Amino acid sequence: MDNHTIHQVDAVIVGAGFGGLCAVHKFREMGLKIQAFEAGGDVGGVWYWNRYPGARVDLPSIDYSFSFSPEIEQEWTWSEQFAAQPELMRYFNFVAERLDLRKHYQFNTRVDSARWDDARQLWVVRTNRGECYEARYCIMATGPLSVPKEPEIEGIARFGGQILRAARWPHEPVDFSGKRVGVIGTGSTGIQIVQEVGKQAGELFVFQRTPSFTMPMRNVPLEPAYVAEVKRHYAGIRELARNSNVGGVRPQSSRPFFSVTPAQRRALLEDAWLQGGLAMLGTFADLMQNEQANEEVAEFVRGKIGEVVDDPATAEALKPRGYPIFARRPCLDTGYYETYNQPHVHLRDCITDPIVSITEKGVRTQSGEVELDVLIFATGYDGLTGALLAFEVEGRDGLTVQQKWKEGATSCLGIMMHGFPNLFMTTGPNGPSALANVVRTSENDVDWTAAAIRHLQAHGLSSIEPSAQEEQAWMDLVHSLAPRTLLSKAKTWYVGANVQGKAPGLTMFTGGFQKYREHCLAAIHKGFSGYHFAQKRERERAADASATVENAAH
Ligand code: NA7
């Protein structure tokens, strides 16, 4: 590899998850010369890494898929309502091959730094392979959940057994049979691991700090007749998703919780429990605003835990208290609570008996030591901002993202930042991000970026950047909406509470996906008023003109 050459491209794209693949496809169609990078060994984004047993998407597969290619929609067939990780990887591979996207990627390659050269109006991007690329546009499709959070527990290096991290799971199968296995963390990931590894392990110890609310997923195979119907109506399904609150087709209700009698409420909740998935969230309109309504639903779920778990003390410890249901990401499970009825599965409550350290033999809690052969960390992510903060991104006048986001993430639409011309994010921290279907948001953000680039091309401009006022106006809106929901009332990665030293606060847009999309479209329709542009210099214009003549001649 030639490390002295400076490669010239139009756009650098970082990431090979939904956002990155969509961007590569779109910008290639626009005729841009692109180079994409991915730290993992293949396409798939978070699903490339998260190959732990039981890994499964908690949105319907039909919704969790690209909408930009009718051919792919028709040729690909989902087998289950909620696809498991291997099927998701097959989907990514199918898309990458069908659209021939892999040839634009360098895999196993990290971007170390990206610096804006304002005089030359381009990004200088360096990789961990010592290569340098210069690009007019830089697209950070780095995802809201890609940097695992190191558990802040003393002594991990001492452990003599096997350590497994959910977010960096080995490619070869792990045999748990007959082994003493510990799992630390009971978010969506820990819950999926516990219910699966519980079937194999000799003994399973679950170290739970904050219990999560989890509801039955009730996953089903997708019948051919149903899939055929979906394929006939994909366009309408996508339109519904784009105009929904969460970027997906799922029941929504305008019924306030207390508008019906207690008996009716109970019947509706029972019905939602039987339907499974996130049906409960769509049963009433005000569950994320009305604390009393929220608490009644929380109590309903606590009741279900009590019905399923045999041992009253274990059931009590599993019941989440002290924060609103749905304020932590609601989990969907298949037999999670039932797992605790097996004699070889033990719940360790780390609130009453905190973890002190990891020892050579296992986990030491205040009350004693649990000896283990395997220890699994399902301790979450430095969500929303971690990926962009993991490398050096330096914008205009030497401003780094670290400096810009010291008091919390700020941007315009979650896509562009003042001080960072021609830098575009997908599913950025001030858009709906984790609160909506990331596939719909990725597509929206790539479309917006494409519109911005077309605007530059059409007007002979070299760069676009939101003004400080435009960004402030967006952040004012984000901050004004945030207190209307109960999301800030739980200590979660949504509000940065899981990472020590991170500025706390809800920075995501909570107004719903359809409203977010309206704001994005409005910016395009207004010709990006509120954004600053730089003119292309004469020399570049002449080069563009001769390239156009050359292209026309071919
Ligand atoms: P989460 O939801 O952030 O869960 C991480 C879990 O790990 C959570 O239960 C934490 O407890 C626990 N944790 C973290 N550090 C520790 C230590 N030091 N000791 C004990 N327990 C700890 O991450 P997930 O990967 O499960 O899910 C992320 C998203 O993926 C999810 O929201 C879906 O969108 C899919 P805590 O809450 O901090 O008390």
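Modeller: The model is predicted. A search of the whole structure finds 35 salt bridges. Here are some of them.

Take R120 and D117. Their side chains meet in a salt bridge, at 3.0 Å from N to O. R120 has 36% relative accessibility, so R120 counts as partly exposed. D117 has 21%, and D117 also counts as partly exposed.

Next come R302 and E299. Here the side chains form a salt bridge at 2.7 Å, N to O. Both residues sit in helix α9, which covers residues 291-308. They are 3 residues apart, so about one helical turn separates them. The general rule is that an α-helix has 3.6 residues a turn, so residues three or four places apart point the same way. The two partners of this pair can also be described by their accessibility. R302 is buried, at 2% relative accessibility. E299 is partly exposed, with a relative accessible area of 41%.

Now K404 and E471. They form a salt bridge, and their closest N and O atoms are 2.7 Å apart.

Finally, the helix. Helix α14 runs over residues 438-458, which makes 21 residues. How far apart should its ends be, at 1.5 Å a residue? The helix should span 30 Å. Its end C-alpha atoms are 30 Å apart, so the model agrees with that expectation. Of the 21 residues of α14, 17 are buried, so the helix is largely enclosed by the rest of the structure.

Both ends of α14 have a detail to check. At the start, a side-chain oxygen of N437 reaches to within 2.9 Å of the backbone nitrogen of V439. After the helix comes G460. The phi of G460 is positive, near 60°.

Conventions: Residues numbered from 1 in each chain as written. Predicted model: local features only at pLDDT ≥ 70, side-chain atom pairs only at ≥ 80, totals over all residues. Heavy atoms only, no water. Salt bridge = Lys/Arg side-chain N within 4 Å of Asp/Glu carboxyl O. Buried < 20%, exposed > 50% of the residue type's maximum accessible area, 1.4 Å probe, protein only. Helix = DSSP H or I, 4+ residues; strand = E, 2+ residues; numbered from the N terminus. Expected span 1.5 Å × (residues − 1). Polar contact = N/O pair within 3.5 Å; in protein donor to acceptor, adjacent residues only side chain to side chain.
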